[in-house]
Amino acid sequence: MNAPEKFELTQVRFMRAPREKVFDAFVDAAVLRQWHCPRGMSVTEGRSDPRSGGEWQLAMQARDGTRHVVGGTFRDLKRPERLVYTWAWLGENSPLPGLETLVEIQLSERDGGTELSLRHSGFPAGAARDAHTQGWQSTLNKLVDHVDTRGTAANLVLLGDVRSTYTRTVRMALAEKGLSYTMRSCAPHAPELLALNPFGRIPAFRDGEISLFETSAIVMYLDEAFGAGPTLRPGSILGRTRCEQWVSAINAYMYDTMVRRYVLQYVFPRGEGGQPDRAVIDAALKEMPGQLAALDRAYGAGDWLVGGALSAADLFIAPILAYVEGMPEGKALLEAVPNVRRAQAELCQRPSFTSTDPSLPPAAHP
Ligand SMILES: N[C@@H](CCC(=O)N[C@@H](CS)C(=O)NCC(=O)O)C(=O)O
C-alpha cells in the first residue's frame, strides 16, 4: 500500500509576469478574489493575513450555487520566491473533512517572467489527489489569465487551419465570447495535433494543461468555462437539446455532403486529370436540396437555427454555407431556400464571422 505522503501533486507553470505580482496574487485577499477558483466558478468571499501563523480563507461558488470553503494558515512567506501554507476544506461540502494538506510554492525568474512550481501534499488517496490536480490546472489557468501580459492568449491555444470550417466555428465562438487566444496553424494528423487528438482531425484546443478535441466539446467548454459574451447553448431543455440535435446532424450528415463530397471536390480536385470528380459532386448535389430545405424549415421566419438567439448550431452551419455559396451550383441551391439565405446574411454581418474570414491575410488571424 502507498504511504499517505505519496499522494501529492506538482504543477509547473510559466507566466509572463514579475514574481512579486505572482506572489501577491496568492496572499492579497482583493486579488485572490479575482482568480482563485476553477473556471466556471467565482470567489464570493476571501480574507488573508499574510504573515507566518496568519490565516487565509476563501469561499468559492459553482454556477448551481454550491459553496465550497477552503482555508488554512501561512507557514512560510519569503516574497517573492517562496510561500508555504496549509489547506483544508471546511463546512458542509468539504470533500475531505478534518484533513489538513500542505501547499508549497516556489517562484523562479525565467525568460523575463516567472516559473511557478507548486506542490500540494498530504492527500489520503489517489482520487483526492487527482481531483485537486484538475482543480489546480483550472485555477492556475485563471491565475495566468490574471497576471500574464498576454491575458487569456497565454492559456488558450487553438490548433487548426483557418480554412477549416470546424476551426472557424471555434474561432467564431472565441470571438463571440470576446476571448483572446493563440492560433497555431496545424494540418490534420500533424504530430503536434495527434498529441492532443488521437483521431487527427482539426481543430484541437488547449487551455493551459487542459486539452480538448471535437468542435462541439470545445465550444461547450468555452461557453461553460467563461462567463463573458452571449451564452451559446439555450437555457431551456428543449432549446439545448435542439441545439445539440442540429450540431449532431451537421457533424453526422451535412458536413459530409456539403463540404467533404462537394466543396472539397472543387477545392482539392481528385478526379481524372486533376479535375473535380463529377460523380462524387453529382451525388452530393442530389442530397443537398433536402438538407437545405430542412434547415430552411428550422429557420422559419427567424434568423437563428434554434430559439430566438445565436447558438452553437449557427456557428457550426455558417462557415459551411459560406463555402457552398461560393461553389458553381451554390447560388442556385441557396436561391431555393430564402430563410437560410436571410439568416446567413444576418450572421455574415457579425464581427465573429467577418474577423474569421479565411481569405483575410495571415497577419489578420491571431
Ligand atoms: N467531428 C470533428 C470533425 C473535424 C474535421 O473533420 N475536421 C476536418 C477539417 S474541417 C479534418 O480534420 N479533416 C481531415 C481528415 O478528415 O482527415 C469535429 O467536430 O471537430
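View 1. Look for Ser-164, Tyr-166, Arg-201, Glu-214 and Asn-251, which are among the residues surrounding the ligand (C-beta atom, placed from the backbone, within 6 Å of it). The shell has three nonpolar, six polar and two charged residues, with Gly counted as polar and Tyr, Cys and Pro as nonpolar.

Residue numbers start from 1 along each chain as its sequence is written. Because the model is predicted, local features need pLDDT of at least 70 and side-chain atom pairs count only at pLDDT 80 or more, while totals for chains, interfaces and linings use all residues.

**View 2. Seven strands make an open sheet.** The order is S1-S7-S6-S5-S4-S3-S2, with antiparallel pairing; a pair needs at least two DSSP bridges. Strand S1 (8-15) and strand S2 (42-48) stand at the edges with a single partner strand each, so one side of each has no neighbour in the sheet. Six bridges join S5 (residues 82-90) to S6 (residues 101-110), and Tyr-85 has Val-103 in S6 as its bridge partner.

**View 3. Domain 1 meets domain 2.** Domain 1 spans 6-149 and domain 2 spans 153-230, with bounds from an automatic or database assignment. Here 11 residues of domain 1 contact nine of domain 2 (C-beta atoms, placed from the backbone, within 7 Å). Helix H3 (residues 126-147) gives the most to the domain 1 side, with six residues.

Terms used:
Two residues are in contact if their C-beta atoms, placed from the backbone, lie within 7 Å. Helices (H or I, at least four residues) and strands (E, at least two) are DSSP runs, numbered from the N terminus.
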